[in-house]
Amino acid sequence: MGETKRLLVMSDNHGSEHEIKSILSEFRGQFDALVHCGDSTWSPDYLESLAGCPVYCAKGNCDVGFLNREEEVFEFCGHTCFVTHGHRYGVSWDFRDLLYKGMEVGADIIFYGHTHIPDYQEFPEEGIVVMNPGSTTLPRQMKRQRTFLILEFEDDGRFRPQFYTV
């Protein structure tokens, strides 16, 4: 049996460093890559220097100037992952356009932000799982909990999402 791989997924910190640095410090060495779904207001290079691992990220509607890519597709533990902020796909209303884009790029896992609300949904017909880590600083869900997500991958490709509060 091999080693479990982990993705740390966060979004919508809107430039606040305290929470991000605290999370990265607490979980240092416990994740293999960082996924940021946008509105960080930091460059990918800066995020990588903080995390000490590969960073996959998307440009949010409040990110200006530093990201030349709006979204990213990457492979992780046998899965094709798509990270986007989500504002261009109407994620505040439904997932139709987001799922179409996911199918277009061949993704079976989609990470998005923008709503500041943690979410996990499976779409078996499309063969896609959609996740939002919520926001580490400006939550909008019922109890206003600041959240992020860690996804653990087993050797056989199965994965378990775990939402955490800040």
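Lys 5 touches Asp 32, Phe 76, Cys 77, Leu 151, Glu 152 and Phe 153, leaving out residues up to four places away in sequence; contact here means heavy atoms within 4.5 Å. The model is predicted: local features need pLDDT of at least 70, side-chain atom pairs count only at pLDDT 80 or more, and totals for chains, interfaces and linings use all residues. Residues are numbered from 1 along each chain as its sequence is written, and side-chain values use heavy atoms, with hydrogens and water left out.

Lys 5 sits in strand β1. Strands (E, at least two residues) and helices (H or I, at least four) are DSSP runs, numbered from the N terminus. Lys 5 counts as partly exposed because its relative accessibility is 32%. The classes are buried under 20% relative accessible area, exposed over 50%, and partly exposed in between, with a 1.4 Å probe and protein chains only. Between Lys 5 and Arg 88 lie 30 Å in space, C-alpha to C-alpha, and the two are 83 residues apart in sequence.

Strand β1 belongs to an open sheet of 5 strands, ordered β3-β2-β1-β9-β10, with mixed pairing. Two strands pair if DSSP finds at least two bridges between them. The edges are β3 (55-57) and β10 (159-165), each pairing on one side only. Neighbouring strands of the sheet are turned by 20 degrees against each other on average, direction ignored. Axes are lines fitted to C-alpha atoms, for helices over the stretch in contact, and angles run from 0 to 180 degrees between N-to-C directions.

At one end of that order, β2 (residues 33-36) and β3 run parallel, joined by 3 bridges. Leu 34 has Val 55 as its bridge partner in β3. Helix α2 (residues 44-51) packs on the sheet and touches β2 and β3, its direction making about 140 degrees with that of β3. The loop between β2 and α2 holds Asp 39. This residue counts as buried because its relative accessibility is 2%. Its phi is positive, near 60 degrees, in a residue other than glycine.

Now follow β4 and β5. Strand β4 (residues 72-76) runs antiparallel to β5, with 5 bridges between them. Glu 72 stands opposite Val 83 in β5. The two strands form a hairpin with 2 residues between them, and Cys 77 in the turn has a positive phi of about 55 degrees.

Strand β5 (residues 79-83) is mostly covered, with 5 of its 5 residues buried. His 79, Cys 81 and Val 83 point one way, Thr 80 and Phe 82 the other. In a regular strand the side chains alternate between the two faces of the sheet. β5 also pairs with β6 (residues 109-111), in the parallel sense and over 3 bridges. Phe 82 has Ile 110 as its bridge partner in β6. From β5 the chain crosses through helix α3 (residues 96-105) to β6, a right-handed β-α-β crossover: with the strands pointing away from the viewer, the path from the first strand over the helix to the second runs clockwise. His 114, in the loop between β6 and β7 (119-123), has a positive phi near 75 degrees.

Last, the interior. A nonpolar core is a set of buried Ala, Val, Leu, Ile, Met, Phe, Trp, Tyr and Cys residues joined through side-chain atoms within 4.5 Å. The largest has 19 residues, and Leu 7, Val 35, Phe 74, Phe 111 and Met 131 have the most contacts inside it. Its largest share, 3 residues, comes from β9. A second, separate core of 17 residues includes Ile 20, Phe 31, Leu 34 and Phe 148.
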